[in-house]
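User: I have a chain open here and I am new to it. Can you walk me through what is in it?

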Amino acid sequence: MRVAFQGELGAYSEEAIIQHFGGEAQPIPRPYLKDVFDAVENGEADRGLVPAENSLEGSIVRTFDLLLERGLKVQGETVLRVIHCLIANKGVPIGDVKRVYSHPQALGQSRAYLDDNSLEPVSWYDTAGSAKMINEKGLDDAAAIASSRAAEVYDMAVLARGLETDKENYTRFFVIGDGDIGPTGNDKSTIAYIVEHRPGTLLESLRAFASRSLNLTKIESRPIPGRPWEYTFFIDIEAHRDEPLMREALEELGESTKFIKTLGSYPRVQ
């Protein structure tokens, strides 16, 4: 199974690939999220794995924009517990570290540790990419914040684990591919839709699910490009699009919306 992801080898996304698909999967790194979609569409990868939301930072809006624009479907989900590690070249004592490189999000999530140890944060484009850079340049006064997987990939040392201030730090990833997945009996659907810009339309749209006791696990809005103060609503529902009640709900929703797209129905993470 060839699985494309955004970032360098050793990224949290690669760790999520191994968690979801097992060690036999072949991770294919790509620089941008758009490139992950391209790789699947072009046949360079069998699946893609992209971040959907983080429990501390919220949704990854670029992922949802691409799901709206492209024809690929969400075919699965996995949730990874994010554990930030301080990684340096082997032989570098922790007392010699003065600067710490990482993605701004990881630096922010580790702010208390950095402040307590008087370490200078330096923004970098990627968590694993920062470890790769430090290793390639042979820096002996710098460390990276990345996954323990990155230390394995680049043959580096883990100086400290669990740097994140909030330990309830999880990232939800989508598995994307070509085509729909059939029902398993324990599924979820992700849907995007636009309602008329008048009072009560959002309530009307949600009634289609509430009246059938279909549980929504998430709802949020995103601005529509080129149309100020108008929004696309994204919802997650605990049902597969092919379940009878869900089919009824989608038919009713279609009557009260200007646009609707099912981004995917897929097995739900326990």
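User: At what angle do the axes of helix α2 and helix α3 cross?

Analyst: This is a predicted model. In it, the axes of α2 (residues 33–41) and α3 (residues 61–69) cross at roughly 35 degrees and come within 10 Å. The crossing is right-handed.

User: Which residues in α2 and α3 meet there?

Analyst: From α2, Leu-33, Lys-34 and Phe-37 take part. On the α3 side they meet Arg-62, Thr-63, Leu-66 and Leu-67. By type, the residues of this contact are 4 nonpolar, 1 polar and 2 charged.

User: Stepping back, how many helices and strands does the protein chain have?

Analyst: There are 9 helices and 15 strands in the protein chain. Its C-alpha atoms fill a box of roughly 65 × 40 × 35 Å along the principal axes. Of its 270 residues, 48% count as buried.

User: And what share of the contacts comes from residues 24 or more positions apart?

Analyst: Counting contacts with a separation of 6 or more, 74% are between residues 24 or more positions apart.

User: Next topic. How many residues are in the largest nonpolar core?

Analyst: The largest nonpolar core has 28 residues. Leu-49, Ile-87, Tyr-101, Ile-134 and Ala-150 have the most contacts inside it. Elements that each supply at least two of its residues include β1 (2–6), α1 (12–21), β6 (85–88) and β11 (170–177). The most comes from α6, with 4 residues.

User: What does Ile-87 touch?

Analyst: Leaving out residues up to four places away in sequence, Ile-87 touches Ala-143, Ala-144, Ala-146, Ser-147, Ala-150, Ala-151, Met-156, Ala-157 and Val-158.

User: You mentioned α1. Which residues in α1 are buried?

Analyst: Tyr-12, Ser-13, Glu-14, Ala-16 and Ile-17 are buried in α1. After α1 comes Gly-22, which has a positive phi, near 95 degrees.

User: Some of those are three or four places apart. Why would residues with that spacing point the same way?

Analyst: An α-helix has 3.6 residues a turn, so residues three or four places apart point the same way.

User: Now Glu-77. Where is it placed?

Analyst: Glu-77 is in strand β5 (residues 73–81).

User: Why does Glu-77 count as buried?

Analyst: Glu-77 counts as buried because its relative accessibility is 4%, and buried means under 20%.

User: Which side chains have a polar contact with the side chain of Glu-77?

Analyst: The side chain of Arg-172 makes one, at 2.8 Å. The side chain of Lys-188 makes another, at 3.3 Å. Beyond its neighbours within four places in sequence, Glu-77 is in contact with residues including His-20, Phe-173, Phe-174, Tyr-266 and Pro-267.

User: One more. Where is Asp-166?

Analyst: Asp-166 is in the loop between β10 (157–161) and β11.

User: Why does Asp-166 count as partly exposed?

Analyst: Its relative accessibility is 37%.

User: What lies 2.9 Å from a polar atom of the side chain of Asp-166?

Analyst: The backbone nitrogen of Glu-168 does.

User: And how many Å apart are Asp-166 and Pro-228 in space?

Analyst: They are 35 Å apart, C-alpha to C-alpha. In sequence, Asp-166 and Pro-228 are 62 residues apart.

Terms used:
Residues numbered from 1 in each chain as written. Predicted model: local features only at pLDDT ≥ 70, side-chain atom pairs only at ≥ 80, totals over all residues. Heavy atoms only, no water. Axes fitted to C-alpha atoms, helices over the stretch in contact; angles between N-to-C directions. Left-handed = near helix turned anticlockwise from the far one by under 90°. Contact = heavy atoms within 4.5 Å. Nonpolar A, V, L, I, M, F, W, Y, C, P; charged D, E, K, R; others polar. Core = buried A, V, L, I, M, F, W, Y, C linked by side-chain atoms within 4.5 Å. Buried < 20%, exposed > 50% of the residue type's maximum accessible area, 1.4 Å probe, protein only. Polar contact = N/O pair within 3.5 Å; in protein donor to acceptor, adjacent residues only side chain to side chain.
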